[in-house]
Amino acid sequence: MTFATRSLAVLGTVALASTSLVTPVSAQDTIQVALGDIASIESLNLLIAMERAGERGVPMEMTFFNSEDVAVQAVASGEADIGVGAPYAFINNSDAPIRMFFRMSTLLFFPVVNSEVYSDWADLDGEEVTVHSRGSGTEALMRLMESVHGIEYSSMSYVPGSEVRAGAMLQGTINASIVDAANFRLLQEEGGGRFIRLSVEGVNATDEALYANTDFLDERSEDMAIFVEELLRTWADIDADPSIVSGLREQYGLLPDLPGDATADIDAYYAEAVENGVYPLDGGEPQDAIDDISFLRAAGSIEVEGEVDPSRYWDFGILDQVR
């Protein structure tokens, strides 16, 4: 299977728009989760935690949107209950009653260029780069590097899905982008030595968190406590043995349309993520919010005056209760 075919196969799962992950008790009881990305192995840990919550009487369903912007709007409007992302800028600019409640992953991305075109950060001055979406960690990191290296991109394009961006680099339609660990490894394996990683130092920030409307967090607090318990349990289980993800995917029948080569990457992807400390085991704490704002400020992605009040962006009540 060519990489282009592989990407289309993964995107084919998104065409269904919504994937029910448990047998719902009723449509009213089912918690709707909005993911602004394509269906991929990167989502399996969350899907497993959702299945486990469903086994305890908290039915959940995931809907895939074409960007994080659309996903956060769905949560803000009540179309979805929970979103996946780090909507600091959205909260800061809109004062929407949305709060993050679980830190899923820390930022570990790989800025990559086609070495036949570029060799370092300076070469990207006046050039186009491609990231995941507006307000995403990929955008913030690339903006920060723009500032650190004293360069200015000619434009920034938004292409959701690390696998899609890697595929475009292999096909030669993108020459500078940012991908996750699995797709950086793929570029190394299939790129014939064309792709090099640009260095990034001193960056520690949230990549993805779970967030919801404050009213929803209050109204479904008991269900959310169960969900957070299962998130913490799943994260701990994966940390202890990353290879369990493959088995649990089969057990729950998750993402059955993944192509074989993507399925074969699951163990390596989660082993590498665990090795690099991508999945925090505590679910987040107030200092994380302060660090995130510092990162986003430096990247020019957010304007926050004075000291950071974590409660403006996070609700740690359920985590504190569970812990």
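**View A. Helices H2 and H10 pass each other in a left-handed crossing.** The near helix is turned anticlockwise from the far one by less than a right angle in a left-handed crossing, and clockwise in a right-handed one. This is a predicted model, in which local features need pLDDT of at least 70 and side-chain atom pairs count only at pLDDT 80 or more, whereas totals for chains, interfaces and linings use all residues. Residues are numbered from 1 along each chain as its sequence is written, and side-chain values use heavy atoms, with hydrogens and water left out. Helices (H or I, at least four residues) and strands (E, at least two) are DSSP runs numbered from the N terminus. The axis of H2 (residues 44–55) comes within 10 Å of that of H10, and the two cross at roughly 50°. This angle makes H2 oblique to H10. Axes are lines fitted to C-alpha atoms, for helices over the stretch in contact, with angles from 0 to 180 degrees between N-to-C directions; under 35 degrees is roughly parallel, over 145 roughly antiparallel, 65 to 115 roughly perpendicular and the rest oblique. From H2, Leu44, Ile48, Glu51, Arg52 and Glu55 meet Val245, Leu248, Arg249, Gln251 and Tyr252 of H10, contact meaning heavy atoms within 4.5 Å. By class, the residues of this contact are five nonpolar, one polar and four charged (Ala, Val, Leu, Ile, Met, Phe, Trp, Tyr, Cys and Pro count as nonpolar, Asp, Glu, Lys and Arg as charged, the others, Gly among them, as polar).

**View B. Helix H10 also packs with helix H12 (residues 266–275).** The angle between H10 and H12 is about 130°, and their axes lie 8 Å apart. At that angle, H10 is oblique to H12. Val245, Ser246 and Arg249 are the residues of H10 that meet H12, where their partners are Ile266, Asp267 and Tyr270. Three nonpolar, one polar and two charged residues make up the contact of H10 with H12. Val245 and Arg249 of H10 also take part in the contact with H2.

View C. Leucine 255 is buried, its relative accessible area being 9% (buried is under 20%, exposed over 50% and partly exposed in between, with a 1.4 Å probe and protein chains only).

**View D. Aspartate 95 likewise has a positive phi in a loop.** Its phi is near 55°, again in a residue other than glycine. Aspartate 95 lies between helix H4 (88–94) and strand S5 (98–106). With a relative accessible area of 57%, aspartate 95 is exposed.

**View E. Helices H6 and H7 are roughly parallel to each other.** The axis of H6 (residues 162–171) comes within 9 Å of that of H7, at a crossing angle of roughly 20°. The crossing of H6 past H7 is right-handed. On the H6 side, Ser162, Glu163, Ala166, Met169 and Leu170 meet Asn183, Leu187 and Glu190 of H7. Four nonpolar, two polar and two charged residues form this contact. Valine 164, also in H6, is partly exposed, with a relative accessible area of 22%. Its C-alpha atom is separated by 9.3 Å from that of asparagine 183, 19 residues away along the chain.

**View F. Helix H7 (residues 181–190) is mostly covered.** Seven of the ten residues of H7 are buried, namely Ala181, Ala182, Asn183, Phe184, Arg185, Leu186 and Leu187. Just after the helix, glycine 192 takes a positive phi of about 60°.

**View G. Glutamine 32 sits in strand S2 (residues 31–35).** Leaving out residues up to four places away in sequence, glutamine 32 touches Glu61, Thr63, Glu79, Ala80, Asp81 and Ile82.

**View H. Valine 322 belongs to helix H14 (residues 317–322).** Valine 322 is partly exposed, with a relative accessible area of 23%. Apart from neighbours within four places in sequence, valine 322 is in contact with Ala225, Val228, Glu229 and Leu232. The C-alpha atoms of valine 322 and glutamate 229 are separated by 6.4 Å, while the two residues are 93 residues apart along the chain.
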